[in-house]
Amino acid sequence: MYSFIISLAALVAGYFIYGRFVERLFGPEPSRKTPALTHSDGVDYIAMPSWKVFMIQFLNIAGTGPIFGAIMGAKFGPSAYLWIVFGCIFAGAVHDYLTGMLSVRNDGAALPEIVGLYLGQTTKKVLLLFSIIVLLLVGAVFVYSPALILGDMAGDGSRASIMLWVAVIFIYYVCATMLPIDKIIGKIYPLFAFALLFMAVALMACLFVKWPSIPEIWDGIGNLGEAKGLISGQTVFPCLFITIACGAVSGFHATQSPLMARCINNEKMGRPVFYGSMITEGVVALIWAAVSSYFFFDGGAAAVGSDLSASAPAVVAKVSSNWLGIVGGILALLGVVAAPITSGDTAFRSARLIIADFLRFPQKSVRNRFIICIPLFAAASLLLWYNVADENGFNVIWRYFGWANQTLAVFSLWTATVYMSKSGKGCLSYLVALIPAAFMTSVSVTYISVAKIGLNLPATWNWYIGGITFVVSIVLFYIWKCRKA
């Protein structure tokens, strides 16, 4: 528990210290009009209060990532704490803040448009296709995971019940994607965000009351779960860094930040909205990592009537209902259900806006929105059919999503690096983006090299591949920088 407390304090301190440092390097201008004011259209560009924008941003980026990812990542041991803390403060929150503010500075532009401005039009076209694929994968996995939980809550986890919930959630997606952002998202998302935060705070209180004897960082940061049979054949690097994405670094966030970049009414809102939301998500992930550590390493599974082979949704259901009682358990589960659903519908919304921006196709009319949404929902339906029809479909899609998600973060971080390099504010300004960009490049390249879904190279090569990739990427950046100079 001491490692958990230290990690929690580090996240809070990171927001106030490093977050303010990054903010000063970027240099927000309070007097500069934001896109919400200069491009107000009553659909996507709508100025909203800062607290509401924060709650929506937090719920948009949360999904099941900081919960399911933390549960699966906790099986590695306390190394999960380190990745959540360092990844969140120095990479994930920096990634979210810089991409969000770049969107604000560029009229609320979507991620491919921003990448095109700083990495070139060829990269823009590659990322356009890549980001659409990632968003469709998000829509698929964030329909299926809440459908599983809702099926369990209804007392019927049969395939027919799951498919029924999938259909209900998908219909909601269609409505939320088509309607103006303040009609559904602006009204109910803050309530769902409150439910998710309530769940996290309540579970943290239970942790302090129970004070379980869970592994500490000084007990070792290797794969502690392998000895207990929780994980086999997976190394901390790079597997942990792919498993815990949304709680540390997530490229998906860069597709969501432009949604709120079109709603903030002052650039000073950037740090609490973008950097603050990521730190808050890190806190949620940290709490679930500690809870799961108790579940897997200190008899928590038996205490809640489960076993070590329980899936992530089963861990959520068992822990929430046993620790928080009936009312608390329902509220907690609603938070877990709402998070992926809300991330899924904003994923489709982001995909619509990305395509519309690329085609220069105005989205004020319902007809234009519907034209772009038809092929998106058709493609998502095929993914969902595979997801439900094949028993292993969800696991396969989730693995590809995990890698694609972190690869998307690589594009975003290199874009931020180039921007900060051109800002002329000294080496410190671009180093805050360069180091995480090079690190995430090494993670992404190493994972696809050694994973079974990739090149399936020997796992013992991981450190060599990662180290070489890290060094080469930095060298290539400085070569580019010298040529530009």
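Is arginine 32 buried, partly exposed or exposed, and what is its relative accessibility? Keep that in mind for the close-ups below, which come from a predicted model.

**View 1. Arginine 32 pairs with glutamate 29 in a salt bridge.** Arginine 32 has 36% relative accessibility, so it counts as partly exposed. Side chains of opposite charge can pair when their charged atoms come close.

**View 2. Arginine 32 also meets glutamate 267 in a salt bridge.** The N to O distance is 3.9 Å this time. These two are 235 residues apart, with arginine 32 in the loop between helix 2 and helix 3 and glutamate 267 in the loop between helix 12 and helix 13. Zoom out a bit and you'll find a network of salt bridges that links Glu29, Arg32, Arg105 and Glu267.

**View 3. Arginine 349 and aspartate 44 form a buried pair.** Their salt bridge spans 3.0 Å from N to O. Arginine 349 belongs to helix 15 and aspartate 44 to the loop between helix 3 and helix 4, so the bridge ties together parts 305 residues apart in sequence. In total, the model has eleven salt bridges.

**View 4. Helix 6 crosses helix 11.** Their axes come within 11 Å and cross at roughly 60 degrees, which makes the two helices oblique to each other. Ser79, Ala80 and Trp83 of helix 6 touch Val236, Leu240 and Phe241 of helix 11. Of these contact residues, five are nonpolar, one is polar and none is charged.

Conventions
Residues are numbered from 1 along each chain as its sequence is written. This is a predicted model: local features need pLDDT of at least 70, side-chain atom pairs count only at pLDDT 80 or more; totals for chains, interfaces and linings use all residues. Side-chain values use heavy atoms; hydrogens and water are left out. Axes are lines fitted to C-alpha atoms, for helices over the stretch in contact, and angles run from 0 to 180 degrees between N-to-C directions. Helices (H or I, at least four residues) and strands (E, at least two) are DSSP runs, numbered from the N terminus. Angles under 35 degrees count as roughly parallel, over 145 as roughly antiparallel, 65 to 115 as roughly perpendicular and the rest as oblique. Contact means heavy atoms within 4.5 Å. Ala, Val, Leu, Ile, Met, Phe, Trp, Tyr, Cys and Pro count as nonpolar, Asp, Glu, Lys and Arg as charged, and the others, Gly among them, as polar. A salt bridge is a side-chain nitrogen of Lys or Arg within 4 Å of a carboxyl oxygen of Asp or Glu. Buried means under 20% relative accessible area, exposed over 50%, partly exposed in between (1.4 Å probe, protein chains only).
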